[in-house]
Amino acid sequence: MILELLRGWGMVGALVAAVFLTVGLDRIDADARGAYIFRPLLIPGVLVIWPLVLWRWYLYETGTERWENRYDPPRKAHFTVGWLMPIGICLIILAGLSVRQTAPTDFEPIQLSAPPETAQ
């Protein structure tokens, strides 16, 4: 069932990528007009985030997108993320060092295969 959902997501994403990269990109970005070489590089991203691509394209086409406020939510999160990431990295390192395993002392190694015999 999960594979069928992923296959469906990918098929819809491929359809959106085909339409968006041939028609939509020229309509929403003036700098992308005539630049066809980089478009195949966008296909994997559009396959994954096609609902966001459709939503942004809809907002742009209807004129409801407020361009000046476009980056406000990410900018508001920068301060919080700027503190959470280094704290999280330190906690991960400390957790990894505290649960470090040691080799068992009561275990004798066993040779699984004999070394190849050399012909003399």
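How many aromatic pairs does the structure hold?

1. The structure holds 3 aromatic pairs. Two of them are described below, after a word on confidence. Keep in mind that this is a predicted model.

2. Confidence comes before detail. The chain has a mean pLDDT of 84. Of its residues, 88% reach 70 or more. Helix H1, residues 2-28, has the highest confidence, with a mean of 91. Helix H4, residues 72-98, has the lowest, at 86. Where pLDDT is low, the predicted coordinates should not be read in detail.

3. Start with Trp9 and Trp50. Their ring centres lie 4.9 Å apart, and their planes meet at 50°. Trp9 sits in helix H1, while Trp50 belongs to helix H3, residues 50-62. The pair therefore ties together parts that are 41 residues apart in sequence.

4. Now check how accessible these two residues are. Trp9 has a relative accessible area of 38%, so this residue is partly exposed. Trp50 is at 16%, so this one counts as buried. The cut-off for buried is under 20%.

5. Turn to Phe20 and Trp57. These residues form an edge-to-face aromatic pair. The distance is 5.5 Å centre to centre, with 70° between the planes. Phe20 is in helix H1 and Trp57 is in helix H3. The two are 37 residues apart, and the pair links distant parts of the chain.

6. Are Phe20 and Trp57 buried or exposed? Phe20 has 8% relative accessibility, so Phe20 counts as buried. Trp57 has 16%, so Trp57 counts as buried too.

Technical notes. Residues are numbered from 1 along each chain as its sequence is written. This is a predicted model: local features need pLDDT of at least 70, side-chain atom pairs count only at pLDDT 80 or more; totals for chains, interfaces and linings use all residues. Side-chain values use heavy atoms; hydrogens and water are left out. pLDDT is the predictor's confidence in each residue, from 0 to 100. Helices (H or I, at least four residues) and strands (E, at least two) are DSSP runs, numbered from the N terminus. Rings of Phe, Tyr and Trp (its six-membered ring) pair if their centres lie within 6.5 Å; planes under 30 degrees apart count as stacked, over 60 as edge-to-face and the rest as tilted. Buried means under 20% relative accessible area, exposed over 50%, partly exposed in between (1.4 Å probe, protein chains only).
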